Amino acid sequence: MSKTTKKKTTKRKTSKKKWTRVDGRKPDELRPIHIESGVIPNADGSAYIEMGRNKIIAGVYGPREMHPKRFSKPNMGILRCRYHMAPFSVDPRRSPAPSRRDKEISMVMTDAIEPALFLERYPRSVIDVFVEIIEADGGTRCASINAAAVALADAGIPMKDLVSSCASGKYEGNLILDLGDYEDKNGESDVPVAYLPKNDQVTLLQMEGIMTQDETEKCIELAIEGCKQIYEIQKEALKKKYGMVEATEETEEAPEEEEPVEEAEEE
Amino acid sequence: MSNNIVSRLKRKKIVDVVATGKRMDGRELLQYRDLEIKTNFLAKSEGSAEVKLGKTHVVVGVKIGIGHPFEDTPDAGVMMVNAEYTPVAHPTWEPGPPPKDAIELARVVDRGLRAAEIIDMSKLGLISGVKVQMIFVDLYVLNYDGNLIDACSAGALAALTTTEAPEYKVSKKGEIKKTDKTEKLKLRAHPLAVTVCKIGDSLIVDPTYDEEEVKDGRITITVDENGNLNAIQKRGPVGFTLDEIKKCINIASEKSAEIKAIALAGE
Amino acid sequence: MSVKFETRDIVVPGDLLYEGRIRTGENTFRSEGNVYSNKVGLVNYSKDRVSVIALEGTYTPLVGDLVVGMVSDIELGQWVVDISTSVNAILTMPDAINKSFRTNFDMTRVLDVGDVVVAKIVDLDRRRTPILSILGRDLGKVHEGFIMKITPSKIPRLIGKKGSMINMILRGTRCQITIGQNGKILINGRNREDEELVVKVIHKIETEAHTSGLTNRIQEYLRTIKEDRN
């Protein structure tokens, strides 16, 4: 990816008069996000995310037996993420064979998500997270992590917290949140971040471009604020799957007829 | 998941139920599952279709680019069909090079389109012997519940009929430029594949994954809008009698008209 | 100390359930003195304990569980059984036919690859591999019927309080139903109509497992479908 490095100094004054983003968003505004869980019937858990014009599907299989066996760990489970782009997700078409970029993203995704799991509970097993980019629009790795976290929760895999992710960066001298495709390709820098809100920990951090130390720190703070908003959207998405049945429920029946489920035991 | 061992119980039950003229999901033998096709839903592809056939879920992307012609046809464009078995689509599918079935899927769909001469390739030349237009049709499987050939064939047809092809200009110096103008891709035929499966003594269409697992064999027949056959592919370690083959062709002709109406609805 | 939700609210991983000291029930964990959920589920507060009833989840084998599985391999003196969990289960000859291992014995005569069995988990070995037994009433190789899969976490709901739900379905459909704790349900009816009805009812229970008043609604559902048929 070619980044223009035209701005060496950051004089905000010149651009002070009504600077606007290419898509008209405020500097700290996220793109519209839509998340749906349970979209792949075959998978143990799955999620679909639209983040701007990114269209991404994530599916989870496992915990299941690890193949080949020699890669398994006797004392804990393994998380295996695979980030993959559809040939038609970008312009021009790309080869379906995984690129070096895909492999690196798969690795940092795994690192971003693993702290949220209790892998010690699954010795000799693997949890597979497969992410397919149907259409790319800048910030695919962040959107992928958001979808993967929802898919893992949808699979009923125990988690300490959801993982939320979004990027920030610098474009035309301004620090902005959640870069779109154009801003990503033509901006000065790009900082993808993933965040565990409950523990206040950053689990993915990358940076590419030119920024001062101060700007970089501000970017990370900005991205964390974005992650916190996404966290709420992820929670909503998980609850929405059950919300619809419940809503029709209340009009039909009085809640007194409750039947505590935990008392249900096997025969 | 075990290595494709079919449960004996499953085989017996499905064969028994099909023998009574019914299916496990309550369908008639020659009844398709609900077919939903959404076209033109990806901005970065010149043509696209999302196909949901029951729980089988496929995305087809059509991309147009520039490439080299084959030596024997210096002025003809090139069409390539590629199928991707994404590991998210089924618990037994793994990342890696395409399995044999994926190659067959792409080739059967490709043969249908090519044999019907769906696109006039001679119109896609740019600089004789050097540059021609390339049409990539990518079949991307997201959830596998049987009958991929029919789903992909319908998706490819739907995506191609709604493809907006860019216009290219060749300057005197031999530079090729993509103009902003687009034109609907001209199709000369509308071929569509229908797969008929043999289970015991019965013939069925649109098999689910379970039915495909226990089937004896299958015949895929591609039929155009005039009722001409464009391609046939027989698979499975059993023989078909001539009578059975004739029955399959009749079924395919009838069903292809039915499915085509849905595939071409977006035209 | 405070309660953050109401009993039966839907919670997701990371949701703070309780601030302060309280016993942690299933699908919850303690962090820095507070209690959080680790699954998508319905929260349940009792006097001294907070727990989450999971709505999604894979199967974790426990001793005593009844499971439905398929023989996926035959090894020296033992069958390998796929019971849809993270590791395959083992069925040894003593636990299958009450005889010790002999080299000249044709094991496929008892169970062959592809055969479906109903088994009980009698032990978990040192590496947590489930050890099965098919000695006992209603256990062993299955000859008739078909298997339906549901999310294992919804099995308790399908069985109901003291078996109320499953007994109602049994009475309403006259099918034989064997519920594997691993989410595999073996169904065998006298006719296809009854079997289709069971599938519909179980599917409804699975999708509405988190709602209240389900038993009554299923009763009503069974009644209306049967009226339609008559």
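Predicted model: local features only at pLDDT ≥ 70, side-chain atom pairs only at ≥ 80, totals over all residues.
Helix 1 covers residues 100-113 of chain A, and it packs against helix 2 of chain A at an angle of about 45°, with the two axes 10 Å apart.

Leaving aside residues up to four places away in sequence, A:Ala148 touches A:Ala58, A:Cys81, A:Met109, A:Ile113, A:Val129 and A:Val131. Which residues touch the most other members of the largest nonpolar core? They are A:Ala147, A:Ala148 and B:Leu139, in a core of 194 residues.

Now to chain A as a whole. Its secondary structure comes to four helices and 10 strands, and, read from the N terminus, the order of the elements is β-β-β-β-α-β-α-β-β-α-β-β-β-α. Of the 267 residues in chain A, 50% are buried. If we take the contacts in chain A with a sequence separation of 6 or more, 72% of them are between residues 24 or more positions apart.

Turning to chain B, we find 23 residues of chain A in contact with 24 residues of chain B. Strand 3, strand 4 (78-85) and strand 5 (125-135) of chain A each contribute at least two residues to the side that touches chain B, and strand 5 of chain A gives the most, with four. The classes on this side of chain A are 13 nonpolar, four polar and six charged residues.

Within chain B itself I would pick out one loop residue, B:Gln31, which sits between helix 1 (8-19) and strand 1 (35-39) of chain B. Is B:Gln31 exposed, partly exposed or buried? It counts as partly exposed, because it has 13 C-beta neighbours inside 10 Å. The C-alpha atom of B:Gln31 is separated by 6.5 Å from that of B:Val205, although the two residues are 174 apart along the chain.

That leaves chain C, which has five helices and 17 strands and whose C-alpha trace spans about 65 × 55 × 20 Å along its principal axes. Buried residues account for 44% of its 230 residues, and 54% of the contacts in chain C between residues at least 6 apart in sequence join residues at least 24 apart.

Two helix pairs in chain C deserve a description. The axes of helix 3 (residues 164-173) and helix 4 of chain C come within 10 Å and cross at roughly 155°, which makes these two helices roughly antiparallel. Helix 3 of chain C passes helix 4 of chain C in a right-handed crossing, with C:Met165, C:Ile169 and C:Thr173 meeting C:Asp194, C:Leu197, C:Val198, C:Val201 and C:Ile205. The residues of that contact divide into six nonpolar, one polar and one charged.

For the second pair, helix 4 (residues 192-207) and helix 5 (residues 214-229) of chain C, the axes come within 11 Å and cross at roughly 150°, so that helix 4 of chain C is roughly antiparallel to helix 5 of chain C. This crossing of helix 4 and helix 5 of chain C is right-handed. The residues of helix 4 involved include C:Glu193, C:Leu197 and C:Val201, and those of helix 5 include C:Leu214, C:Ile218 and C:Arg229. By class, the contact of helix 4 with helix 5 of chain C has eight nonpolar, no polar and three charged residues.

Definitions and conventions
Residues numbered from 1 in each chain as written. Chains lettered and ligands numbered in written order. Buried ≥ 20, exposed ≤ 12 C-beta atoms within 10 Å, placed from the backbone. Axes fitted to C-alpha atoms, helices over the stretch in contact; angles between N-to-C directions. Parallel < 35°, antiparallel > 145°, perpendicular 65-115°, else oblique. Left-handed = near helix turned anticlockwise from the far one by under 90°. Contact = placed C-beta atoms within 7 Å. Nonpolar A, V, L, I, M, F, W, Y, C, P; charged D, E, K, R; others polar. Core = buried A, V, L, I, M, F, W, Y, C linked by C-beta atoms within 7 Å.
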